[in-house]
Amino acid sequence: MKGIVANQAVQDAKLFINGEYVDALSGETFDTTNPATNKRLASVANGGIEDAKWAIDVAQKTFASGIWSRMPVEERSRILCKIADLIMENVDKIAYIETLDVGKPIKESRGFDIPRAASNFRFFAEMAKYMVHEHFDMSGHMSYVQYAPAGVTSLIIPWNLPFMQMTWKASAALAAGNTVVIKPASYTPLSAVLLGEIANEAGLPPGVLNILTGPGSTVGNTMASHPFVRRISFVGESNTGKTVMKNAADHLIPVSLELGGKSANIVFSDADLDEAVAGSIEAIYRNQGEICLAGSRILVQEEIYDLFLDKFVCAVKKIKVGDPTDESTDMGALVSKEHLKTVDDYVQIGIEEGAKLAYGGKPVVDLPEGNFYEPTVLYDVDNKMRVAQEEIFGPVPVIIPFKTEMDAIQIANDSIYGLAGVVWTNDLRRAQRVTSQIHAGLLWINCWYYRDLRTPFGGAKASGIGREGGRHSFDFYTEAKTITMKK
Ligand SMILES: NC(=O)C1=CN([C@@H]2O[C@H](COP(=O)(O)OP(=O)(O)OC[C@H]3O[C@@H](n4cnc5c(N)ncnc54)[C@H](OP(=O)(O)O)[C@@H]3O)[C@@H](O)[C@H]2O)C=CC1
Ligand SMILES: CCCCCC/C=C/C(=O)O
């Protein structure tokens, strides 16, 4: 792979349209910076509305040509598996770029994000071969259902897990036979752009996969409102999701929205405490807390509240914050200076609201160059406080005491969000009662973020619309066609 990484230096990033890297039509660029140093990493093509229209037009013509949409599924699958192989061949390079651009620990990008991206391609490539096409017989007529590729698909991605999220969408959309136009977030465009080169090397026909860097307000907007687009899969903030949906409505484009969260992580007094502490730490500090599924509201039953808090703070003190490229780092830098300020403002708001600070609560003094924030613990929080209701998207859990099972369920559901939830208990009947009453798309019992790619993924309420994963992805990225024939 000769693209972006050369001798650990980062090359400038361009748009990828019709199988070629090109400058923005305007010739404009913007800089992406390293969150650990706030120094410039690379210059990025600043795509605009005309670039977006061009890419969508290319994707539409390529779709209509049938070169991909009508390619035998075995061949399509072979090319997508080759992409998976190439991702793994280049895992070190892609992980390094991801870590520099996002600020996340290298052990996470190399150990999870990039391998998972390869799994995304392999999973949907295999699954496409086994898609069931139903067939019905009645009164001398035969009906069969075809799941045809929907057409041009816009994929709009956030900055927290760029390569993993992008490939989660792109692999399914491509496996279903669509052509795609992808927009990574402007904070973290570098890893996405690498996929173009990999796709070419794997033999994906030009025009099937197109990647646009540039602002959400122009490029993203066009991708959500262009009449040629037949599906939009968006991951990001709930308010941006609403804008995307409004724009999509003009052309009745189906949307899949994976949005924000403020998930309850409930620890009952009968839980295995050490396991619950370790799992709760992982659920809020992984990826600097910049995770939609974060267990950001930790609800702890009164009988074990003090003990849990002690053990939790003890574990937090051991989290190593620092250089994201260092193998031993547990927590890296927040994505931007602006986001660091937002997180810090929330901590101050929480304290003003009456929350107590058990640990952290400020940027890391010894690392002033980057956007490093101390792993923080707010406790004695009331669920009505803003810090319990709003998504902080940083390493700041709020710990809330509760008395009874019903209280825990009521607090968990007292949120505009409904993405995920975690229950720690040794009483499995209770675990089932509680999980079945929490209004969320994803629930874990005595674990967090175990993912089986066959299962539906998505949220309720302000956390999103629709589900992707396994057959749910194919349902979204295809158009069901019933064909009835007189026998
Ligand atoms: N439910 C889930 O599965 C997940 C949800 N998330 C959520 O994502 C959020 C964090 O990501 P963040 O990047 O800040 O989210 P944003 O909503 O700000 O941005 C997401 C993407 O949308 C683009 N965008 C911005 N405005 C528009 C527009 N008007 N039309 C189309 N696209 C637009 C952005 O582009 P640009 O960068 O250029 O502004 C970016 O590519 C959190 O709320 C988090 O919970 C994150 C991961 C998973
Ligand atoms: C620890 C990783 C958290 C990932 C959050 C989003 C996940 C999406 C997916 O698994 O598809």
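The dialogue below treats the ligand shell and then a sheet.

Guide: This is a predicted model, in which local features need pLDDT of at least 70, side-chain atom pairs count only at pLDDT 80 or more, and totals for chains, interfaces and linings use all residues. Residues are numbered from 1 along each chain as its sequence is written, while chains are lettered from A and ligands numbered from 1 in the order in which they are written.

Visitor: Which residues come nearest to ligand 1?

Guide: A residue is near a molecule if its C-beta atom, placed from the backbone, lies within 6 Å of it. Of the 31 residues around ligand 1, the nearest are Pro158, Gly216, Gly220, Gly236 and Cys292. The shell comprises 13 nonpolar, 14 polar and 4 charged residues; Ala, Val, Leu, Ile, Met, Phe, Trp, Tyr, Cys and Pro count as nonpolar, Asp, Glu, Lys and Arg as charged, and the others, Gly among them, as polar.

Visitor: Which element supplies the largest share of the shell around ligand 1?

Guide: Helices are DSSP runs (H or I, at least four residues), as are strands (E, at least two), numbered from the N terminus. The largest share, 5 residues, comes from α7.

Visitor: Why does ligand 1 lie between domain 1 and domain 2?

Guide: Domain bounds come from an automatic or database domain assignment. Domain 1 (15–259 + 463–486) and domain 2 (264–445) both give residues to the shell, so ligand 1 lies between them.

Visitor: In what order do the strands of the open sheet stand?

Guide: Strands of a sheet pair through backbone hydrogen bonds, either parallel or antiparallel. Two strands pair if DSSP finds at least two bridges between them. Here 3 strands form an open sheet in the order β7-β8-β24, with antiparallel pairing. β7 (135–138) and β24 (478–486) stand at the edges, each with a single partner strand, so one side of each is left without a neighbour in the sheet. β7 is joined to β8 (residues 141–149) by 4 bridges, and Phe136 stands opposite Ser143 in β8.
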